[in-house]
Amino acid sequence: MAAAAITCFSISSKFRNLSLNASSSSFPASSSSSTLKSLTFSSNLSFCAFSNGCLSMSEAQRPLRYSVVCEAAPKKKVDSAAKRARQAEKRRIYNKARKSEIKTRMKKVLEALDDLKKKPEAQSEEVLSIEKLIAEAYSVIDKAVKVGTLHRNTAARRKSRLARRKKAVEIHHGWYAPASPAAA
């Protein structure tokens, strides 16, 4: 029989209880006098050891070929992690609704522009109703950037897509003439 020296386990401060148990089936019946007894450390008895993150054990008589296996794991999520999960889920639902609204408004604008482009005898005043829809879409997109749902570059790309499509319709009907590049 050899004596084990002082052993140090690194334990996180999250764990409230540590149990070191030796099952009787892991040791032979002949060494029943030298088997380890169940050791239990609770946060009440050894709080200072847990707060430092190190638990020291004194010498004990143990057989050479047997070792103590210690498993310590939290039984449930830490309160802060559970709160973070709740917050993330709430934000996901909120962001999903906002993105859906953006897509819906963009789709309405694009469909209205397609209808206007297909109209053979469209009037330039018909663009005013579409400009209202574009303004509402811009507003929703800008609010999404403000609260962090969309990246500002994504928002700029979507707004640009709407503006380019409107300009294409205006050019198609002859309501807008692009400026010719000035020759230098």
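1. A quick word on terms: buried means under 20% relative accessible area, exposed means over 50%, and partly exposed lies in between (1.4 Å probe, protein chains only). This is a predicted model, where local features need pLDDT of at least 70, side-chain atom pairs count only at pLDDT 80 or more, and totals for chains, interfaces and linings use all residues. Residues are numbered from 1 along each chain as its sequence is written, and side-chain values use heavy atoms, leaving out hydrogens and water.

2. Let's start with Asp 142, which is partly exposed at 36% relative accessibility. Lys 159 forms a salt bridge (side-chain nitrogen of Lys or Arg within 4 Å of a carboxyl oxygen of Asp or Glu) with Asp 142, the closest N and O atoms being 2.9 Å apart. This pair links distant parts of the chain, with Lys 159 in helix α4 and Asp 142 in helix α3, 17 residues apart. Helices here are DSSP runs (H or I, at least four residues), numbered from the N terminus.

3. Have a look at Arg 105 and Glu 136 too: their side chains meet in a salt bridge of 3.1 Å, N to O. Arg 105 lies in helix α2 and Glu 136 in helix α3 (residues 126–147), so the pair ties together parts 31 residues apart in sequence. Glu 101 joins Arg 105 and Glu 136 in a network of salt bridges.

4. Finally, Glu 170 sits in helix α4 (residues 152–173) and counts as buried at 15% relative accessibility. Leaving aside neighbours within four places in sequence, Glu 170 is in contact (heavy atoms within 4.5 Å) with Val 127, Glu 131, Trp 175 and Tyr 176.

Technical notes. Helices (H or I, at least four residues) and strands (E, at least two) are DSSP runs, numbered from the N terminus.
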